[in-house]
Amino acid sequence: MAVAEKQGRVKIRRMRRGDAARIAELSGQLGYPVTVSAIVERMKRLKPASQQAVFVAEMAGDVVGWMHVTASRLLEVEQRAEVNGLVVDETVRSQGAGRLLLEEAERWAKQHGCKSMSVRSNVIREQAHRFYERYGYEHYKTQKAFRKKL
């Protein structure tokens, strides 16, 4: 399904398998280096479509950004969506791609019954914090993140 959202030179659409190399490259810019083959494998596991979506931003036919959004059904709060990843190529930032990706994810979330949208952002990503605040997101909690390898 192509999303026909356009503004100026930026077009937003659903991710396709052929986007894997560019998604991997942009993931590296986000601080998460990954191989193309790993992205392809991860893309295969992104199911069901009712719980998540990946959108890409194109400029002049080239993928310049991507966003992964998921819907979460939690016991303690109403169904909400979360931005799991958002990156725009550093060479074209502040040209509208990030905003359009965020708007498309919010539309998707509403269509899937989500009542709110959340995003977690590393404390060192001050530019990203200002981006989200510009579009109505409020800093509501500071927490520590824990991880265990399995």
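Modeller: The count comes to three aromatic pairs. Rings of Phe, Tyr and Trp (its six-membered ring) pair if their centres lie within 6.5 Å; planes under 30 degrees apart count as stacked, over 60 as edge-to-face and the rest as tilted. This is a predicted model, so local features need pLDDT of at least 70 and side-chain atom pairs count only at pLDDT 80 or more, while totals for chains, interfaces and linings use all residues. Residues are numbered from 1 along each chain as its sequence is written, and side-chain values use heavy atoms, with hydrogens and water left out.

Take Phe 131 and Tyr 132. Their ring centres are 5.1 Å apart and their planes stand at 75 degrees, so the pair is edge-to-face. Both Phe 131 and Tyr 132 are buried. Buried means under 20% relative accessible area, exposed over 50%, and partly exposed in between (1.4 Å probe, protein chains only). Now Tyr 132 and Tyr 137. Here the centres are 5.7 Å apart with planes at 70 degrees, so this pair is edge-to-face too. Tyr 132 has a relative accessible area of 9%. For Tyr 137 the value is 12%, so Tyr 137 is buried. Ring pairs link Phe 131, Tyr 132, Tyr 135 and Tyr 137 into a cluster.

Next, the nonpolar packing. A nonpolar core is a set of buried Ala, Val, Leu, Ile, Met, Phe, Trp, Tyr and Cys residues joined through side-chain atoms within 4.5 Å. The largest one has 27 residues, and Val 69, Leu 101 and Met 117 touch the most other members. Two or more residues come from each of β2 (10–14), β3 (52–59), β4 (62–72), β5 (80–88), α3 (97–111) and α4 (126–134). Helices (H or I, at least four residues) and strands (E, at least two) are DSSP runs, numbered from the N terminus. α3 gives the most to this core, with seven residues. Look at Val 69. Leaving aside residues up to four places away in sequence, Val 69 touches Gln 51, Gln 52, Ala 53, Phe 55, Ala 81, Glu 82, Asn 84, Ala 105, Trp 108 and Met 117. Contact means heavy atoms within 4.5 Å.

A cis peptide bond joins Lys 47 and Pro 48, with omega about 0 degrees. Pro 48 sits in the loop between α2 and β3. Most residues other than glycine have a negative phi, and most peptide bonds are trans.

Ala 60, in the loop between β3 and β4, has a positive phi of about 50 degrees although it is not a glycine. Its relative accessible area is 77%, so Ala 60 is exposed. Ser 94, in the loop between β5 and α3, has a positive phi of about 70 degrees and is not a glycine. At 74% relative accessibility, Ser 94 counts as exposed.
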